[in-house]
Amino acid sequence: MAARLVYIPRMCDHAETLAAALRRCGVPAEVLPPTDEKTLELGRKYTSGKECHPFTVTTGDFLKKITEPGFDPQRSAFLMPTASGPCRFGQYHQTQRIILDRLGYRDVPIFSPDVRDSYGRSMGLGLKFRRLAWRGIVAVDLLNELAAAIRPDEKTSGAADKLHAYYLAMISKAIEAKNGGIFKTVKEMKRDFFALPRLNPGHKPLIGIVGEIFLRCNPACNADIVRKVEKLGGRTYTAPISEWFYYTNLGYIYESWLRRSPQGFARALLADLIQRWDERRLGHRQPSALKLIRLASPYLHHTFKGEAILSIGKALDLIENGAAGIINIMPFTCMPGTVVSAIAKQIEIPWLDVSIDGTEGVNLEIRLEAFMHQAASYKKSVPRARERK
Ligand code: SF4
């Protein structure tokens with residue numbers, strides 16, 4: 001395995017630090033090029049149109065790489081994790097395996113870290129990889145939150161984006177470096193972002209972005225929703241990627257307890273505690289998965305697995321913290337996304353479901369304009385003390 005170059009789908013900025021963590025552990029790794037028209041063309045050619053949009057995109061990205069000159073099947077592999085619950089994500093790697101086999105690429109493995117042990121034995125790399133990868137994920141969550149919080153009010157246009165690009169590279173470098181330095185890098189990152197001159201900070205309506213993890217964090221696939229909201233006078237907070245890992249930890253703890261597996265229970269609990277500890281040291285805080293499930297409990301039973309319960313819990317948490325509107329990003333026909341959309345009718349706040357199938361256009365712009373108008377009105381009715389700065 002060590003000789004194979006692992007290609008990682010460019011789901012979000014975190015892919016860069018994941019690749020860095022793999023390289024630090026001796027596994028050659030590279031993030032696939034950004035999704036483009038060619039991705040969609042290839043993805044649609046080998047799918048029926050009924051699959052989830054992230055499946056079409058990631059399959060297209062794999063096939064684009066395979067058809068590139070110089071691709072070596074003997075020295076390459078792809079990464080596609082799994083998940084369980086009422087959702088099709090667990091089938092991605094199996095279906096992609098079938099497609100690669102039919103195209104004659106039987107010898108190209110797809111590595112699939114398993115959600116059942118909360119990705120604990122990721123590719124046989126153990127604790128060191130897991131911890132490095134986790135620190136990278138948290139650091140990039142923080143980077144994205146800082147950029148999204150500060151960019152809408154920046155005095156010099158482009159300053160936050162410039163810092164974002166710089167620190168994404170610095171975080172990856174710190175994860176990959178032998179002597180680490182991630183804590184120092186994150187400290188400097190915060191200092192530099194907070195030093196950016198701002199105009200009237202925090203006065204714009206805060207829009208919470210929840211929903212399907214691949215699309216909500218992938219501007220190339222979600223019609224660049226964050227920028228659209230900013231253009232219409234809002235600021236955003238997107239549910240962090242790290243949220244999912246706390247949720248899978250909790251699932252592992254719960255399942256171990258049900259199966260009476262003290263070993264699994266202890267392993268999962270310890271991993272969760274260490275992750276929480278690292279997150280605190282990096283200066284990032286978020287509600288626990290348990291809190292999100294509790295918030296969502298009037299609408300969904302706690303055993304309802306998958307992203308729906310997290311999206312509802314996170315939306316309610318953001319509303320508690322002064323969000324003036326919620327956008328639910330969902331791939332067209334997404335099962336958890338449809339559940340969230342149905343429940344949202346009972347939540348009193350401007351709410352916009354954005355269903356993505358790769359053909360978004362003017363219709364979205366018009367709906368977004370109306371939504372932002374509602375959010376601005378809603379904001380006037382929210383006491384300022386509740387607002388997230
Ligand atoms: S979350 Fe939705 S889009 Fe993603 S795999 Fe599950 S059903 Fe498909």
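User: Which residues are around the ligand?

Analyst: The residues around the ligand are C52, C87, R88, F89, Y92, E212, E307, P331, C334, M335 and P336. A residue is near a molecule if one of its heavy atoms lies within 4 Å of it. This is a predicted model, in which local features need pLDDT of at least 70 and side-chain atom pairs count only at pLDDT 80 or more, while totals for chains, interfaces and linings use all residues. Residues are numbered from 1 along each chain as its sequence is written, and side-chain values use heavy atoms, with hydrogens and water left out.

User: Where does the ligand sit?

Analyst: The ligand sits in the largest cavity. A cavity is a set of points, on a 1 Å grid over the protein atoms alone, where a 1.4 Å probe fits but cannot get out. A molecule sits in a cavity if more than half of its atoms lie within 2 Å of the grid points of that cavity.

User: And where is the ligand relative to domain 1 and domain 2?

Analyst: The ligand lies between them, because domain 1 (5–125) and domain 2 (286–386) both give residues to the shell around it. The domain bounds come from an automatic or database domain assignment.

User: Changing topic: how many salt bridges does the structure hold?

Analyst: The structure holds 21 salt bridges. A salt bridge is a side-chain nitrogen of Lys or Arg within 4 Å of a carboxyl oxygen of Asp or Glu. Side chains of opposite charge can pair when their charged atoms come close.

User: What does D153 form a salt bridge with?

Analyst: The partner of D153 is R198, and the closest N and O atoms are 3.6 Å apart. The pair links distant parts of the chain, 45 residues apart. D153 is in the loop between helix 5 (126–150) and helix 6 (159–176), and R198 is in the loop between helix 7 (182–194) and strand 5 (206–211). Helices (H or I, at least four residues) and strands (E, at least two) are DSSP runs, numbered from the N terminus.

User: Is D153 buried or exposed?

Analyst: D153 counts as buried, because its relative accessibility is 2%. R198 is partly exposed, with a relative accessible area of 29%. Buried means under 20% relative accessible area, exposed over 50%, and partly exposed in between (1.4 Å probe, protein chains only).

User: Where do E279 and R276 lie?

Analyst: Both lie in helix 11 (residues 262–281), three residues apart, about one turn of the helix. E279 forms a salt bridge with R276, with the closest N and O atoms 3.4 Å apart. E279 is buried, and so is R276.

User: What about R191?

Analyst: R191 forms a salt bridge with D192, in which the closest N and O atoms are 3.0 Å apart. R191 is exposed, with a relative accessible area of 52%.

User: Which residues are linked in a network of salt bridges?

Analyst: R131, R135, D278 and R281 are linked in such a network.

User: On to the backbone. What is phi of R260?

Analyst: Phi of R260 is near 50°, a positive value in a residue other than glycine. R260 lies in the loop between helix 10 (242–258) and helix 11, and at 74% relative accessibility R260 counts as exposed.

User: And T333?

Analyst: T333 is not a glycine either, yet has a positive phi of about 70°. T333 lies in the loop between strand 7 (325–331) and helix 14 (335–344). At 37% relative accessibility, T333 counts as partly exposed.

User: Last topic, distances. What separates the C-alpha atoms of A376 and L206?

Analyst: They are separated by 9.1 Å, and the two residues are 170 residues apart along the chain. A376 lies in helix 15 (residues 362–380) and counts as partly exposed at 31% relative accessibility.

User: How about E348 and G49?

Analyst: The C-alpha atoms of E348 and G49, 299 residues apart along the chain, are separated by 34 Å. E348 lies in the loop between helix 14 and strand 8 (351–356), and E348 is exposed, with a relative accessible area of 74%.

Notes:
1 Å grid on protein atoms, 1.4 Å probe; cavity = no way out; pocket = protein on both sides within 12 Å on 5 of 7 lines; lining within 4 Å.
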